[in-house]
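Keep the sequence beside you while reading.

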Amino acid sequence: TPTSEDLGDQLNNRRKIIIALGAGALISPLPSLAQQQPAKIRRIGLLSPYSPADSTLWYEAFRLGLRDRGWVEGTNITIEYRYAEGKRELVPDLAADLVRLKVDVIVTAITADALTAERAAKAIPPIPIVTAAWSDPIASGLAESLARPGGNITGLSQMSYQLAGKRLELLKEIVPKLSHAAVLWSPISTTSKSIWKDLQLPARKLGVQLHSLEVSSPDEFEKAFHAATKARAGALLILASPVIVTNLKRIADLAAKSRLPSIFQWTEFTDAGGLMAYGPDRADLFRRAAAYVDKILKGTKPGDLPIEQPIKFEMVINMKTAKALGIKIPNSILVRADRVIN
């Protein structure tokens with residue numbers, strides 16, 4: 001039979017166990033609940049004026065850039081893709097749809113979409129916007145300066161105005177006797193309108209007369225190339241816009257049929273059969289755009305992030321097309337090419 005002393009010892013031991021358990025609970029009160037709380041999923045809206053096929057490489061580079069910074073689609077971010085398929089009239093509704101979804105940030109590809117998104121995203125608080133390939137942030141009125149854009153938009157410039165004249169110089173190098181060149185562009189694009197005007201000065205310096213080929217829809221391409229032949233154009237300079245980008249293969253075929261040496265700013269053109277491409281590496285621009293999104297998701301204001309310029313450029317020559325056109329590409333150009341298609 002246990003004595004009163006034994007019973008007292010048992011009670012003391014039980015009291016010590018209870019106190020120890022209580023202390024452990026205070027140190028780590030709800031370990032299982034902390035593990036069960038899921039990380040917040042952030043939502044990114046991608047607004048493209050092009051088709052999925054035209055944007056594949058850029059968006060893959062963008063996703064890789066996010067992944068390098070710890071953002072993985074389906075894990076801690078979701079990405080809402082909206083494509084206008086080259087139809088500018090669809091962009092406002094697509095932008096409004098992303099705003100309705102309350103995405104944390106909108107990523108746009110070009111200046112015109114940045115303007116549209118900026119108008120749609122004036123919520124309270126406004127949705128931040130990152131533009132991966134601005135033509136001219138200052139001229140568009142969306143940024144106060146490159147160093148400090150202010151407002152709710154930031155991103156990267158693709159130097160469209162500065163490089164258009166350079167592409168005309170390259171055409172002159174390829175066709176030294178060039179006196180008439182056609183410029184294929186869309187009047188719907190405000191950027192292309194400005195570039196067309198800015199091209200007049202370098203054209204005069206090179207002794208080249210420019211002929212405007214304006215296209216607003218795909219059914220106008222045949223007429224435009226007929227006009228180039230009638231104007232005795234010796235080469236073709238192409239300015240980027242949604243109707244152009246979504247029809248690069250058709251443009252390359254028409255240029256070959258019209259026997260026009262041609263140049264565009266994206267390498268997709270030479271892959272489609274165009275003669276030459278020279279411009280910023282757009283995949284690199286989208287990869288770098290991921291760094292802006294990362295900073296914004298972590299709390300940085302867009303207006304405090306400086307607008308950066310391209311650091312990687314690509315020059316590609318399609319030698320198959322050159323041979324078909326009977327053109328000898330100068331060694332001075334070949335040695336500068338990043339890639340030659342044989």
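E8 and E9 pair in the parallel sense over 2 bridges. Helices (H or I, at least four residues) and strands (E, at least two) are DSSP runs, numbered from the N terminus. Two strands pair if DSSP finds at least two bridges between them. Leu236 stands opposite Ser262 in E9. The model is predicted: local features need pLDDT of at least 70, side-chain atom pairs count only at pLDDT 80 or more, and totals for chains, interfaces and linings use all residues. Residues are numbered from 1 along each chain as its sequence is written, and side-chain values use heavy atoms, with hydrogens and water left out.

E8 and E9 belong to an open sheet of 7 strands, in the order E7-E6-E8-E9-E10-E11-E12. Its pairing is mixed. Strand E7 (209-214) and strand E12 (339-341) are the edge strands, and each pairs on one side only. From one strand to the next the twist averages 20°. Axes here are lines fitted to C-alpha atoms, for helices over the stretch in contact, and angles run from 0 to 180 degrees between N-to-C directions.

Two helices on this sheet come next. Helix H6 (residues 160-174) lies across E6, E7, E8, E9, strand E10 (276-280) and strand E11 (313-318). H6 runs at about 155° to E10. H9 also packs on the sheet, touching E6, E7 and E8. The direction of H9 makes about 165° with that of E6. Contact means heavy atoms within 4.5 Å.

Now look at helix H11 (residues 248-257). Which of its residues are buried? They are Leu248, Ile251, Ala252, Leu254 and Ala255. Buried means under 20% relative accessible area, exposed over 50%, and partly exposed in between (1.4 Å probe, protein chains only). These residues cover an arc of only 165° around the axis, so they sit on the same side of H11. The arc is that of the directions from the helix axis to the C-beta atoms. An α-helix has 3.6 residues a turn, so residues three or four places apart point the same way. The buried residues of H11 pack against strand E6 (180-185), helix H9 (221-230), strand E8 (235-238), helix H10 (242-245), strand E9 (262-264) and helix H12 (267-271).

After H11 comes Arg259, in the loop between H11 and E9. Arg259 has a positive phi of about 55° although it is not a glycine. Most residues other than glycine have a negative phi. Glu85 also has a positive phi of about 55° and is not a glycine. Glu85 is found in the loop between E2 and H4. Its relative accessibility is 43%, so Glu85 counts as partly exposed.

Another loop, between E8 and H10, holds Ser241. Is Ser241 buried or exposed? Its relative accessibility is 4%, so Ser241 counts as buried. Leaving aside residues up to four places away in sequence, Ser241 touches Tyr50, Ser186, Ser189 and Ser192.

Turn to the other sheet. Here 5 strands form an open sheet in the order E2-E1-E3-E4-E5, with parallel pairing. Strand E2 (77-83) and strand E5 (153-157) stand at the edges, each with a single partner strand, so one side of each has no neighbour in the sheet. Neighbouring strands of this sheet are turned by 20° against each other on average, direction ignored. Strand E1 (residues 42-48) is joined to E2 by 7 bridges. Ser48 stands opposite Tyr83 in E2. Helix H4 (residues 91-100) packs on the sheet and touches E1, E2 and strand E3 (105-108). The direction of H4 makes about 180° with that of E1. Helix H5 (residues 111-120) lies across E1, E3, strand E4 (129-134) and E5. H5 runs at about 165° to E4.

Aromatic rings complete the tour. The structure holds 12 aromatic pairs. Rings of Phe, Tyr and Trp (its six-membered ring) pair if their centres lie within 6.5 Å; planes under 30 degrees apart count as stacked, over 60 as edge-to-face and the rest as tilted. Tyr59 and Tyr81 form a tilted pair, 6.2 Å centre to centre with 50° between the planes. Tyr59 lies in helix H3 (residues 52-68) and Tyr81 in strand E2, so the pair ties together parts that are 22 residues apart in sequence. Tyr59, at 2% relative accessibility, counts as buried. Tyr81, at 22%, counts as partly exposed. Ring pairs link Tyr50, Trp58, Tyr59, Tyr81, Tyr83, Phe264, Trp266, Phe269 and Phe286 into a cluster. Arg282 lies over the face of Trp58, at 4.4 Å from the ring centre. A charge sits over a ring if NZ of Lys or CZ of Arg is within 6 Å of the ring centre and within 35 degrees of the ring normal.
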